[in-house]
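Here's a quick walk through one model, helix by helix and patch by patch. Have a look at it first.

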Amino acid sequence: MFRNSKSRMEAISDGVFAVVLTIMVLDIKAPMANISDYEIQRLMMQLLSYLISFGVVAQYWVLHQELFTTLKTTTFKIMVANIYYLCPICLIPFATTWLSSSFISSESAIGFAILMFIVNVSQLWLFIWSLSRIVMMAKG
């Protein structure tokens, strides 16, 4: 009944994206009364990191939706590729927290960049499998 269900794959994907987008904001702590310049600077770094990460994750979600709008059915390979794509997406809140809590140190910036590379490679893998399915469906 649910074998290689496209709708279930889209549902879990949407759920993962929604949780990731929500979790990132939870690390931003509201300042207390009599806030110092240091605390303002720290809050601004947290907000900037959050906004950048939110935009990046939202862009990945939009591209994911565009791809699966054109795909009529799915395969086991596409479902596995999708899961492996979602895995590094789930690490973005961690990388965002690391980036904002270290005032954008070189280590956290490199870690964030490596994670984005991994997300992009897994997205490419997902797109290749999905587009090959779309081409096969068009041929026949």
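## A nonpolar patch

I110, I114, F117, I118 and V121 make up a nonpolar surface patch, with about 480 Å² of accessible area together. Areas come from the Shrake-Rupley method with a 1.4 Å probe, counting only the protein chains shown as cover. Patch residues have over 30% relative accessible area and no salt bridge; nonpolar side chains (Val, Leu, Ile, Met, Phe, Trp, Tyr) are joined within 5 Å, like charges within 9 Å. V121 sits in helix α5 (residues 106-139) and is partly exposed at 42% relative accessible area.

This is a predicted model: local features need pLDDT of at least 70 and side-chain atom pairs pLDDT 80 or more, while totals for chains, interfaces and linings use all residues. Numbering runs from 1 along each chain as its sequence is written, and side-chain values use heavy atoms, leaving out hydrogens and water.

The buried residues of α3 are I78, A81, N82, Y85, L86, P88 and I89 (buried is under 20% relative accessible area, exposed over 50%, partly exposed in between; 1.4 Å probe, protein chains only). Down the axis of α3, they fall within an arc of 160 degrees, so they line one face of the helix. They pack against α1 (6-26), α2 (37-70), α4 (92-101) and α5, with contact meaning heavy atoms within 4.5 Å. On the face turned away from that buried side are exposed F76 and Y84.

## One salt bridge

The structure holds 1 salt bridge, meaning a Lys or Arg side-chain nitrogen within 4 Å of an Asp or Glu carboxyl oxygen. E10 pairs with K6, the closest N and O atoms being 3.8 Å apart.

Conventions. Helix = DSSP H or I, 4+ residues; strand = E, 2+ residues; numbered from the N terminus. Arc of directions from axis to C-beta.
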